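Work through the exercises below with the model open. Try each task before reading its solution.

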Amino acid sequence: METTILVSGLGLIGGSIALNLKKQNHTTVIGFDQNKDSMDYAVRTGMIDQFVPSFEEGVQLSDVVVLATPVSVCIDYLQTIDNMSLSQPLLVTDVSSVKKPIMEAASKLQNNAIHFVGGHPMAGSHKHGVEAAKAHLFENAFYLLVPGKGSSDKDVEKLESLLESTRSHFVTVGEQEHDQMTGVISHFPHLIASSLVHQAKNWHRVYPFMHELAAGGFRDITRIASSHPKMWNDILLQNKDTILTLLTDWITEMNHLKELVETDDHSKLQTYLADAKQFRDGLPIKKKGAIPSFYDVYVDIHDQAGALSEVTHLLAQSKISIVNIQILEVREGITGVLRLSFQTEEDQKRSKLVLERNGYETTIQY
Ligand SMILES: NC(=O)c1ccc[n+]([C@@H]2O[C@H](COP(=O)([O-])OP(=O)(O)OC[C@H]3O[C@@H](n4cnc5c(N)ncnc54)[C@H](O)[C@@H]3O)[C@@H](O)[C@H]2O)c1
Ligand SMILES: O=C(O)C(=O)C[C@]1(C(=O)O)C=C[C@@H](O)C=C1
């Protein structure tokens, strides 16, 4: 039987989901976005089969609806669907990073035809918009599902099967558990990354040359401060209770650190750093979502210009594609570390072998 799916919001996440839905047999993917250029792009690149002139029209044609717009828009759309007359059951899901406001809106739905299962793929990027969408974005990432009003195990199974080609790991969680866990591991770190950038910005007034020194460490820890401000503003305020609790904990933690430094407490400070290293090193490095987004290989290089082209040439010869390259710890003209990111674990292992055979020192955990 043919399933028609509406993806509303053809941005980074909606576009990436549409690309995966298109891989399923017996599926027609239609799209709607407030931005006509995004819809044109999606049809032109084969991301969707067709676009519709309005959200309501798309819903009328569909068996499944994926809401991939900002949270406030998802809530409006849930209300719109609630007021529509539906001739058959409609499975509705979303992709929002915060679940409480969405699940609250879903709990108020009156229309019995709606089966709502909240969703949140735990992968993304600091980029946004349809052109940043990628079919492999969710590979190996956790995809959290929060069953809502009117939904059954069968609906959850149906959604998992429709999204099978994302190659995500589906996990069902409660809404509070969802918002607290993602608050700690995803939302709060954005606030800290932004605050570190502000600190550097303030000191930049004193030392205008300082930002030139920002090499691997500062760039690594602040990458996510370059994310979409409007989206993160929404996420942080929608998960306000969790963020306030975490801010209070963080201030206590910083005061503790201040005391260790003020009192020159070498032993406690060392234990603090060692405990953090132990926990961080134990994070599941092969899975997306927790920390790394790709399968990385770190390569020691000495002559940067020459080494960079040799490394890429060696991997191209072995038909291994690199998805990202970054030079870390640069000391001009002398030495550095290259971070190469690959799409699969197999590419990661093969590239390590190829480079080591050619005399490069490599490591997977840095
Ligand atoms: N970016 C990430 O890393 C990430 C990861 C997981 C989940 N999410 C969640 O996914 C959702 C979308 O984020 P994104 O990163 O794809 O953002 P995005 O800006 O790339 O895409 C949002 C899309 O929604 C469209 N849109 C806005 N208002 C609309 C309306 N009224 N009707 C139709 N379309 C409308 C925009 O034109 C845009 O194309 C957010 O709720 C976010 O919390 C984001
Ligand atoms: O990789 C990134 O840049 C992300 O910010 C992705 C990230 C995250 O914090 O891990 C961001 C928001 C989502 O809701 C899920 C994933």
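**Exercise 1. A serine in its setting**

In which helix does S351 lie? Then decide whether S351 is buried or exposed, and list what S351 touches.

Solution. 
- Step 1. S351 lies in helix 13, residues 345–357. Helices here are DSSP runs (H or I, at least four residues) and strands are runs of E (at least two), numbered from the N terminus.
- Step 2. The relative accessible area of S351 is 0%, so S351 is buried. Buried means under 20% relative accessible area, exposed over 50%, and partly exposed in between, with a 1.4 Å probe and protein chains only.
- Step 3. Leaving out residues up to four places away in sequence, S351 touches V297, L315, I320 and F342. Contact means heavy atoms within 4.5 Å.

**Ground rules**

This is a predicted model, where local features need pLDDT of at least 70, side-chain atom pairs count only at pLDDT 80 or more, and totals for chains, interfaces and linings use all residues. Residues are numbered from 1 along each chain as its sequence is written, chains are lettered from A and ligands numbered from 1 in the order in which they are written, and side-chain values use heavy atoms, with hydrogens and water left out.

**Exercise 2. The shell around ligand 2**

Solution. 
- Step 1. The shell holds S97, H120, P121, A123, G124, S125, H126, S186, H190, R223, I224 and W232. A residue counts if one of its heavy atoms lies within 4 Å of the ligand.
- Step 2. Sort by class: four are nonpolar, seven polar and one charged. Nonpolar covers Ala, Val, Leu, Ile, Met, Phe, Trp, Tyr, Cys and Pro; charged covers Asp, Glu, Lys and Arg; the others, Gly among them, are polar.
- Step 3. Look for polar contacts (N or O pairs within 3.5 Å). A polar side-chain atom of H120 sits 2.5 Å from a ligand 2 oxygen. For an N or O atom in the S97 side chain, the distance to an oxygen of ligand 2 is 2.7 Å. For R223 the corresponding side-chain distance is 3.1 Å.
- Step 4. Alone, ligand 2 exposes 370 Å², and the protein buries 88% of that. Areas come from the Shrake-Rupley method with a 1.4 Å probe.

**Exercise 3. Ligand 1**

Which residues come nearest to ligand 1?

Solution. 
- Step 1. Of 25 residues around ligand 1, L12, D33, Y77, S97 and G129 come nearest.
- Step 2. A side-chain N or O atom of D33 is 2.6 Å from an oxygen of ligand 1.
- Step 3. The shell has 13 nonpolar, eleven polar and one charged residues.

Technical notes
Polar contact = N/O pair within 3.5 Å; in protein donor to acceptor, adjacent residues only side chain to side chain.
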